[in-house]
Every structure is written in C-alpha cells, then in structure tokens.
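Have a look at the model first, and then read on.

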There are 2 protein chains.
Amino acid sequence: MELKTPYLLFLGDVPDALAAKTAIGIVEWRPEWCVGQFRMEGCGADCGIDDLSIEEAVTRGCKTMVIGVVNAGGVLPDHWIDNIVRALDAGLDVASGLHMRLEDNARIREAAERSGAQLHNVRHSNRKWATGKGTKRRGKRVLAVGTDCSVGKKYTALALEREMRGLGMDADFRATGQTGVFISGRGAAIDAVVADFIAGAAEWISPAAESDDHWDVIEGQGSLFHPSFAGVSLGLLHGSQPDALVICHEPTRKTMRGVETLLPSIQEVIDLNLACGRLNNPDIRCVGLAVNTQALEENEAKGYLAKLTAEYGLPATDPVRFGMREIAQRLKDGF
Amino acid sequence: MELKTPYLLFLGDVPDALAAKTAIGIVEWRPEWCVGQFRMEGCGADCGIDDLSIEEAVTRGCKTMVIGVVNAGGVLPDHWIDNIVRALDAGLDVASGLHMRLEDNARIREAAERSGAQLHNVRHSNRKWATGKGTKRRGKRVLAVGTDCSVGKKYTALALEREMRGLGMDADFRATGQTGVFISGRGAAIDAVVADFIAGAAEWISPAAESDDHWDVIEGQGSLFHPSFAGVSLGLLHGSQPDALVICHEPTRKTMRGVETLLPSIQEVIDLNLACGRLNNPDIRCVGLAVNTQALEENEAKGYLAKLTAEYGLPATDPVRFGMREIAQRLKDGF
C-alpha cells in the first residue's frame, strides 16, 4: 500500500478526539503532509489544522483524502458518502482505516471508476505477497517489540525515527499497522495478511536499503508472549531481520491485553526475541527499553527507569516523557 | 470447514499418481469414507477403489465429491466442469483442494445455487474466526512439530492416531492442512487464515473435548525455524496448547525447504517449542521423535534411530517403516 501525499483529513461528524485518534496521530508525526481537515456539522474532533473544503484542499495540492476516524460499529455512515464521492469526483484518492472496504459501497465504487482515483483500505490487504526468504538485505534495521500489545511500539518507533534524524542519521519509520501506514504513506497492516505471508510482507515493508548506513525503524505488533497474536510477532521479527531491538513495556499491566495470560518479564521478552531473531540475523541485540510510564508520577517513573537501567544494563526511557535520545545515540555509535 | 461423508473421489484425467496424492491419502487413512473414484478418459491415476458414475455414487450413499487432485497450474480445467455440475445437480456437495475457488466458475456457482449443495474450498478460509484466548480446554493434546516443512508431520499424526486407537485410546486426528481436512472431514488450512486469527483457528480446530481422557492428535505446519512460515507454527503451537510434542525430522536435509537457511538441530527445535508452548501449557513435554528415513538403508535407519534414542532419551522411530507404537504407549502411560 503506497499513498499519495499530501492529505486532507476527513473527520466526518465524529463526537470527540478519541474517535479521531488516527487523524490526530498523522498531524502529530507528519504535519507537513496535512493540508487541512474536513469536518461536517456536529463534528466534535479537531486536529488543530485548517478547515478546508474539498475544493480548497485540491487547490493546495492535496492528493488523498484520509478517513482517519472510527465511528460506532466501524461501518461507513450513509451521511458521509456524499462527501467521499465529491472528493473522488474532484480527483482525490481516498484512503480509509474503517473495517469495511470503501468499494463495498456502490456509489463510492462507481465514483472511483469514473475518476480513475484509487481507493485504499489500510485494514485490508489485496496485495499478492511472496513468502519470506530470510536472505540478508542491505541496510540496518531496528524493531520495536513488546511485552504485550498496545504498550507504545508505534510511538516508540516514530519517536526513535525523529531522534535518529535529529542526530543526522538516515532513518525511516516502517509501518505495520493502519495508523502507521497513514503516517509513513506506505506499509501494510500485517495482522491482515494471510498467515503464510507474514514474514514475506515484513520483508516487503522493510526492503533492501540503498546504502549500508540506512536504518529502517520498524513498528512492532503484538508480543511473542501474547496467546492471540504471537504468530504475527514472530513472522514480523523474522521478516524484519533486525540488527537491534527496543523492548516496549507498560509496568502496571498484570495480564496480557484481552486475555487472562500473565505478562512475561522483560528478561523473558529479551531472551525469546533474541533467540528467534538470530535465525535471520545472528548479530541481533537489544539496545534499550521504552516504557509507557503514564500511570506513574514523574519521580516514580524516573526511579523505575533507573532501576531498569541498572538491572538490564540498557538505557531505559519513556519516549513520551523523556525522549529516545540515548537509544538513538546507541544505534549511531554501536553499529 | 466440515465435510459430509462418505466421499466420491474425483480424479479427472490427471496423468499420474503424484497428481492424485491427496485422493490416495484419503483412501489410505479413511477407506471407509470412500465409496469409489470417478475417472475421466485418459486418467493415469488409480486409488484402487471402485470406479463409479456419479449416479452410482449417490446410490451408495455418497454425500460429497472430493476433487483431490492437482493439475498443471492449479486451475480448474474446462473439461472437468460438466462432471462437477452433474455432481451438484445430483445433490452432492463438492469439495476442492485446488487453488481457485469453485464458485469463481459461473456454471458451478449456479449449479450449487440451484441444488442447494455446498461448495468447499479447503485451501481457503471463509470462516469468521475469533482471536485466540489461551484458556485451558478440556482433554489432552499432542502436536507434531518439525525441524522443517514437509518432514512428515501429517503422516506422523495420522499414524499416531491409528496406534493410539489400536491401544484403545480415544484419539482424533485434527487437520491443519488441506489433505488433512479431507481425511478428517473437518479442520482448516491454517496457513490460509488471516494472521490475526492463527491461534484462534487452532483453538477451533482442537476444541474442548467431552472427556478428560480424549486426545487430539494435531497435524503440525512449518517450523519455528523456517523463515517463511514460523509465524504459522507459533500460532498453531499456542492455539493447540499441547500436553505433548512429537518432533518430526528428515536427516539428510541440509537447508530449510525453499530457502537457504540451515536446518536447526533437533535439540534446538525441542527447546524452542517447549519454551514457547509453556505459555499456554506449563506442563508441555516432548514424547518422541518421528524421522523420515526414506533416504537411508534399513540398517542405517535403525542405527540412526538408536543413536537419537540414546542422545535424547526419547523413543525415535520412522512412522512409515517402524510405526508409532512406542510413542503411543508413552502417551497412554504418562498422562
């Protein structure tokens, strides 16, 4: 999936910021790609960028209208259709993070056929994938892996890309989930790929680089210890053939998200990821810990991170509170 | 996927036994489900069972015509369509192991709609799966895992089921690949499931048993060490929550099937499968080694298996040459 930029962010009439989380994330990480937002009457979300009509967005060079919102039920509300058809008629591509496919609506499908515009459904994968090959590709790779799902792997990877670029490194975030695909303009929701092709899709997501010094900063998914999603995590680890791992963790969680399984220790997560990652990269090593300390007071968080640093001999940080500078520096100096 | 039995095996006009491997496997393991075979002019394959017309098969109580052959290109030859339509018009379901879906042919789709018969495409998954939960289910489970793909996991599981039943145990083969689905009448090609649902599909394939003494004998897929398919293997391991593992191996292979990665050692395969399997079953253990010794002379094979038995302290056998008795007995006595 490769999206044309810049974007117009379609917010529809969703009630609040939570429903527009994806759109807000795009503005946070790629403000230069967002010409404006399109809001309908009653919309309670605001990305803090210009409100534009579709015609104004086209004038500003917009190429794709992004539906970066979720509404109750995940379906496309009837009263959004007119505006989506207008965007297509104005020559824009439309990319959606909704569960339903855009082309399942006849008016949208016909409008896209009429204008020749592309419809992208980032939760779905229409691509014909190859199976993973496991052969070494050019360039360097760092993968964010987790003790659990939803512990901040995407944020960690994006914050790391930003710090690495700040240090003058040639680094690109690589997306494996829907919000990440909007943010990077390319990638795939790897959990939507047919099981045979997880590693193959990961190899496509992080292709051979043009230089030995280029870094791919790859968004992780799930956890090798999650009883629902570990297969996705292992295929992604193999296909990514990372040189370096960052372990993401949320310290107050007791059980894995959505199930009753207890959280593994950080050490178990390091050990199993290194053991499995060696298959395609014998030199794989762990370079740091990224902890979501939101539930802790600032001093408590600092104490906890200091304890982890001592225990694991690795930089431990909260990417939101304290940034990723030390881990980025470690990648710059150590590889 | 749940198929109605008994079957009529459709062989078309494939040139040889290799192309009818699936059908031959069904007759080998489930002769009581095969009322006969249907062959067209020029067919060079023979399952060694009665040649029947579709009408004769119906008279003998047949419920499903199984297309258990592959032809060049994996597509459905035009000159087979008439007979498939006749089977549907005669009230039979049709199940196919071909890559293309039966309903993609308009005449077949219309015939199925006309008669109300079911079309099954065992290489595809239309089912809505749940994600894996990881909670303990009733009954006992043994999973065949491999050092590589195509080392005899399906044969091992079927031979083990046969031996266990021979010992009076309540055991059912559980299918995770297309030939296995035909042989068990139920199951799913787990590599065709969307990545998010591998473990969930495995939980459905091996559901809660009605008694504590019931054994599911689960067909493995891939290998945790295969750079293309390890994600499938891990999701299957988690979803199967096995009490026991049988390790399958082919001793003359140097690199993993289809890639350049070296084969892992048997010890590595035991260790990683136990480490990962503990997530959903802390008591998981390895009960034996099943080796495909086809490439060795009989005495050489016996010597190799004796060496493995001594080295790993586990029964080592070739299920084709020497059967699975000792491993079945170990499951009977040890759990």
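The report below covers confidence, the contact between the chains, and a few backbone details.

This is a predicted model, in which local features need pLDDT of at least 70 and side-chain atom pairs count only at pLDDT 80 or more, while totals for chains, interfaces and linings use all residues. Residues are numbered from 1 along each chain as its sequence is written, and chains are lettered from A and ligands numbered from 1 in the order in which they are written.

**Confidence**

For the complex, the predictor gives an ipTM of 0.92 and a pTM of 0.94.

**Where the chains touch**

Two residues count as being in contact if their C-beta atoms, placed from the backbone, lie within 7 Å. By that rule, chain A brings 32 residues to the contact and chain B brings 32 residues. On the chain A side, the elements that give two or more residues are helix H7 (198-205), helix H8 (230-240) and helix H9 (266-277). Helices here are DSSP runs of H or I with at least four residues, strands are runs of E with at least two, and both are numbered from the N terminus. Of these elements, H8(A) gives the most, with 6 residues.

**Backbone details**

Most residues other than glycine have a negative phi, and most peptide bonds are trans. The table lists some departures from that pattern.

| Site | Feature | Value |
|---|---|---|
| Thr5(A) to Pro6(A) | cis peptide bond | omega near 0 degrees |
| Thr5(B) to Pro6(B) | cis peptide bond | omega about 0 degrees |
| Ser150(A) | positive phi | near 50 degrees |
| Ser150(B) | positive phi | about 55 degrees |

Pro6(A) sits in the segment before strand S1 (7-12) of chain A, and Pro6(B) in the segment before strand S1 (7-12) of chain B.

Ser150(A) belongs to the loop between strand S6 (140-146) and helix H5 (153-166) of chain A. Is Ser150(A) buried, exposed or partly exposed? Ser150(A) is partly exposed, because 15 other C-beta atoms lie within 10 Å; buried means 20 or more, exposed 12 or fewer, and partly exposed in between, with C-beta atoms placed from the backbone. In chain B, Ser150(B) lies in the loop between strand S6 (140-146) and helix H5 (153-166). Ser150(B) is partly exposed, with 15 other C-beta atoms within 10 Å.
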